[in-house]
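Subject: Structure handover

Hello,

Here is the structure I promised to pass on. Please open it alongside this note; my findings follow below.

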Amino acid sequence: GVHRQILFATVGWFVGYYLVKRMEYVHAKQDRELFEYVRQHPEDFKGAEKKRIGELLEDFHPVR
């Protein structure tokens with residue numbers, strides 16, 4: 001009946017909430033480890049040269 005639907009909806013909400021929090025924790029931990037590695041090994045991660053916007057875009061050729 002209705003009481004089962006309410007029970008399953010509540011259980012589903014708590015399980016979903018737990019899974020989202022767990023996923024956020026795992027991603028935060030992975031980000032922290034990767035940023036620490038990048039900080040300790042700057043020679044492996046050189047900054048890219050800056051390009052002007054004109055170098056990034058293709059030339060425009062209107063088609064009639």
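Accessible areas here come from the Shrake-Rupley method with a 1.4 Å probe. On that basis the protein exposes about 6900 Å². Carbon and sulfur atoms supply 61% of that area. Keep in mind that this is a predicted model.

Overall fold

The protein has two helices and zero strands. Its radius of gyration is 25 Å, well over the 11 Å that the globule rule gives for 64 residues, so the protein is more spread out than a compact globule. Along the principal axes, the C-alpha atoms fill a box of roughly 65 × 55 × 10 Å. Of the 64 residues, 0% count as buried.

Charges

There are 11 positive and 10 negative side chains. The centres of the two sets lie 9 Å apart.

Aromatic rings

The structure holds three aromatic pairs. One of them joins Trp13 and Phe14 edge-to-face, at 5.0 Å centre to centre and 85 degrees between the planes. Both Trp13 and Phe14 are exposed. Why does the pair of Trp13 and Tyr17 count as stacked? The ring centres are 5.4 Å apart and the planes lie at 15 degrees, so the pair is stacked; the cut-off for stacking is under 30 degrees. Trp13 and Tyr17 are four residues apart in helix α1 (residues 2-40), so about one helical turn separates them. Trp13 has a relative accessible area of 54% and is exposed. Tyr17, at 46%, is partly exposed. Ring pairs link Trp13, Phe14 and Tyr17 into a cluster.

Best wishes

Key. Residues numbered from 1 in each chain as written. Predicted model: local features only at pLDDT ≥ 70, side-chain atom pairs only at ≥ 80, totals over all residues. Heavy atoms only, no water. Phe/Tyr/Trp six-rings, centres within 6.5 Å; stacked < 30°, edge-to-face > 60°. Buried < 20%, exposed > 50% of the residue type's maximum accessible area, 1.4 Å probe, protein only. Rg over C-alpha atoms; globule rule 2.2 N^0.38 Å. Lys, Arg positive; Asp, Glu negative; His and termini not counted. Charge placed at Lys NZ, Arg CZ, Asp CG, Glu CD.
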